[in-house]
Amino acid sequence: MYEDGEKGLIVTDERLMMGLNGDEAVAYAIKQVEPDVVAAYPITPQTIIVERFSEYVANGLVKTDFVSVESEHSALSSCIGAEAAGARAFTATAANGLALMWEMTFIASSLRLPIVMAVANRALSGPINIHNDHSDAMGARDSGWIQIWCENSQEVYDACIEAWRIGEHTNVQLPVMINLDGFTLSHTMENVFTLPDDVVKNFVRDRRFIKVKGHLGESELRLDPGTPITMGPFDLQDFYFEHKLQQVEAMRRALEAIPEVDAEYEALSGRGYRLIHPYMVDDAELVIVGLGSTMGTASYVVEKLREKGVKAGLVKIRVFRPFPKDELVKTLRSIPVVGVLDRAISFGAPNGPLCEEVKTAFYEEKDRPLIANFIHGLGGRDTSPSMIEGMFHRLMKIKSRGRVDQLIEYVGVRE
Amino acid sequence: MTEDKPGWREMPEGAISYKCTLDYETGDWGVEYPEIDYERCSKCMLCHFYCPEGAVRVRSDGYTEIDRRYCKGCGICVEECPVKCMKMVRKV
């Protein structure tokens, strides 16, 4: 019924189109995936995810065990326990909730548990603020989680399905964080094309385990009394370093696994995203690089500027961890000027977190663009099309001068 | 600790142990170990239950004995023995 005769794609059938805000898109996708355990604590702007999902549980629409925990630390701890026992586990949080999970985020990744977590990105306290910026996810940057960033509710829905296959990929086995901008996405209703339940179920299939050689011989990496293993034992000077190298390798392999899973998802849904999404960059002279919903606004500005003859373009980073260095270098190598948008500050650092990575990616390259850094939108401040147009004008000036005078420009702040 | 340890590519992922705890002999940690005076022992087995390392075994005759491959010399068994038939002695 949903098949496209020619391509075999599940096309954009209007019967599968739903009006969903970002949080609802998460909850609906996770309902279709139906993980064994969801342990979550509500926090603005992620609350709707937890509310909707607990409704699904209360109405008997999913068999998932919903664990009502007393904190985010316990939420992620419950997910770690569930995944260690071989279950599938999902959680969701934002800002201070993610900060409270911080300790456990490192444990989830080092034990190689492919938990999926949605983060409705919100500014960290203090002073307390409930609106969007990226300080929460950037604070968890080095925790060993794969990070996917979404531009709209459609991408959120798709990421919440793909994430399981990425994290559980036998070459990867890492937790996945799906980032959606608080309020801008989490509370804004959009048309979302969904997939039928059975198609989602077939795609995510059952969780795959890797084989490990424990003290009693080969076993799957999960707790099973039949083939016991010890997870999370004391790991001293003589072994800890080696275990970190295994996580480095898993991230490297994720760079290959993500496009592979994505291609399979695209064949099914007609929607693929890969690691980065370049838009109008082929002949571009001025390119903006960034994360999340701002890139939707930026693509509107790029189109407006193109109408005026400005050779503008953009690159949306969909996967921030692992960082898609090679794709980015290949795409931006011949661009004269690049402006990197950061929606977070690393206090005392020469650049914002995304810009530092872009610059590092280019340090060993002979051909590289001039790279400017715009920090914007902190604490939910709106980044309007005119602000982004202003950034492109700054890039024009930088191009004509041939150098970047100011390491960071703060856009939209009162002087 | 002169054993050859594997490189990170050979080690099991997920930081799980590839050796059993029985392979880690901790008996050389302490400077003292407990001795049992079997003349006075009442076979109550409290030393067996209290030992945090499981290094006090129960023999088939009902008496307990110290497995010195694993005893760390903490002295809890001596402290808990109700008939005071155990004492810590210096290793020589």
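The largest nonpolar core in this predicted model has 55 residues, and within that core the residues with the most contacts are A:Val287 and A:Leu332. If you look for the element that gives this core its largest share, you will find helix α3 of chain A, residues 72–84, which supplies six residues. Domain 1, covering 1–274, and domain 2, covering 276–411, both give residues to this core, so the core lies between the two domains of chain A.

Let me stay with A:Val287 for a moment, leaving aside residues up to four places away in sequence. Its partners include A:Gly313, A:Leu314 and A:Val315, and also A:Ile335, A:Val337, A:Val338 and A:Gly339.

Turning to the chain as a whole, chain A contains twelve helices and 17 strands, and of its 415 residues, 55% count as buried. Among contacts between residues at least 6 apart in sequence, 78% join residues that are at least 24 apart.

As for overall dimensions, the C-alpha trace spans about 70 × 60 × 45 Å along its principal axes. A compact globule of 415 residues would have a radius of gyration near 22 Å, and the 21 Å computed for chain A therefore agrees with that expectation. Finally, the accessible surface of chain A comes to about 17300 Å², and carbon and sulfur atoms account for 51% of that surface.

Definitions and conventions. Residues are numbered from 1 along each chain as its sequence is written. Chains are lettered from A and ligands numbered from 1 in the order in which they are written. This is a predicted model: local features need pLDDT of at least 70, side-chain atom pairs count only at pLDDT 80 or more; totals for chains, interfaces and linings use all residues. Side-chain values use heavy atoms; hydrogens and water are left out. A nonpolar core is a set of buried Ala, Val, Leu, Ile, Met, Phe, Trp, Tyr and Cys residues joined through side-chain atoms within 4.5 Å. Buried means under 20% relative accessible area, exposed over 50%, partly exposed in between (1.4 Å probe, protein chains only). Helices (H or I, at least four residues) and strands (E, at least two) are DSSP runs, numbered from the N terminus. Domain bounds come from an automatic or database domain assignment. Contact means heavy atoms within 4.5 Å. The radius of gyration is taken over C-alpha atoms; the globule rule is 2.2 Å times the number of residues to the power 0.38. Accessible areas come from the Shrake-Rupley method with a 1.4 Å probe; for residues, only the protein chains shown count as cover.
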